[in-house]
Amino acid sequence: MEELKNVKCGFCDKIFQEQDDVVFCPDCGAPAHRSCWQQEGECIYADRHGNGFRWCSPAEAARNEAREHREQAEIDFCEKKYMGVSEREMLYFLGASGPQGLYRMALMKYLAEGNRKVSFNVFAGILSPYNQFYKGMSALGVLLTIVNFVTSIPQIILYYASFVAEETALEMFNDGSFVGVANIMSWIQLSMMALLCVFGDYLYLLHMVKTIKKVRTLYEDDRSEDYVMALAEAGRTRWSRVLIGFGIQLVLVLGAINLLAILGV
């Protein structure tokens, strides 16, 4: 009788009780008091039997509705697209587990939904290019490394002149014009850091979307376990590339210093 709790007989409109003699329609399953059924001679829903009608209790209806909501949520999760990639693909790429992962997922959805480009990520700026290498954006990391090196050349020369070169070289490079160039380069570096703080997350979003689409072309079934593992691998953080980026920057700086020494500056 648990399924008939607070359910009324369709004929007499009385709530079924534990002691009631209840029968169920063999066609649609609707309950009724045996006396009511015998009196009427047919199911109260007889005119609907031809349409495939099936009676269900309020509890069963609630379960069916909850199941439909879950199924619809799964469909939305799999099919809703952000810049051409699904929420499910983004989740696997980001490895969104725990508070930090969920925050990154929410941030990427926020940027993608409204085609927003601006956010604030201080680490994307002050830790560039290592932050970009860490997130797998190797091409951008290499570009930033080269730009940082080029804009650091005046400071490298001043450092070399101050601590390594002869006093005449220090006098030559300490004139106002060269120091002014060094200051301009420093401002360029600071400006780049500020831009990366503001647009760094958007650049990562573009990288994520491009990478997911590229990985997708390699698999026929985008629901297969291999595809999921490939997305997770493509999106994982990479300390090895951070070390490689640091090595590239170190080699460039030491190479510039050695070149100055060879030139006899």
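Let me start before strand 1 (22-24), in the segment where D13 has its place; helices (H or I, at least four residues) and strands (E, at least two) are DSSP runs, numbered from the N terminus. The model we are looking at is predicted, so local features need pLDDT of at least 70 and side-chain atom pairs count only at pLDDT 80 or more, while totals for chains, interfaces and linings use all residues. Residues are numbered from 1 along each chain as its sequence is written, and side-chain values use heavy atoms, with hydrogens and water left out.

Now to the backbone. Most residues other than glycine have a negative phi, and most peptide bonds are trans. D13, which is not a glycine, has a positive phi near 65°. M83, also not a glycine, has a positive phi of about 55°, and M83 sits in the loop between strand 3 (81-82) and strand 4 (85-86). The peptide bond from S128 to P129 is cis, with omega near 0°, and P129 is found in the loop between helix 5 (122-126) and helix 6.

Next, helix 3. Helix 3 (residues 87-94) packs with helix 4 at an angle of about 140°, their axes 10 Å apart, where axes are lines fitted to C-alpha atoms, for helices over the stretch in contact, and angles run from 0 to 180 degrees between N-to-C directions. That makes helix 3 oblique to helix 4, because angles under 35 degrees count as roughly parallel, over 145 as roughly antiparallel, 65 to 115 as roughly perpendicular and the rest as oblique. In contact, meaning heavy atoms within 4.5 Å, E87, M90, L91 and L94 of helix 3 meet R104, M105, M108 and K109 of helix 4. These residues divide into five nonpolar, no polar and three charged; Ala, Val, Leu, Ile, Met, Phe, Trp, Tyr, Cys and Pro count as nonpolar, Asp, Glu, Lys and Arg as charged, and the others, Gly among them, as polar.

With helix 10 (residues 225-235), helix 3 packs at an angle of about 55°, with the axes 6 Å apart, which means that helix 3 is oblique to helix 10. Here E89, Y92 and F93 of helix 3 meet residues of helix 10 including Y227, V228 and L231.

Finally, which residues are the closest to the centre of the largest pocket? The largest pocket has a volume of about 560 Å³, where a pocket is an open set of points on a 1 Å grid over the protein atoms alone, where a 1.4 Å probe fits, with protein on both sides within 12 Å along at least five of seven lines, and lining residues have an atom within 4 Å of a point. A volume is the space filled by probe spheres set on the points, which are joined across faces, edges and corners. Of the 21 lining residues, Q100, R104, N121, N131 and K135 are the closest to the centre. Helix 4 gives the largest share of the lining, six residues.
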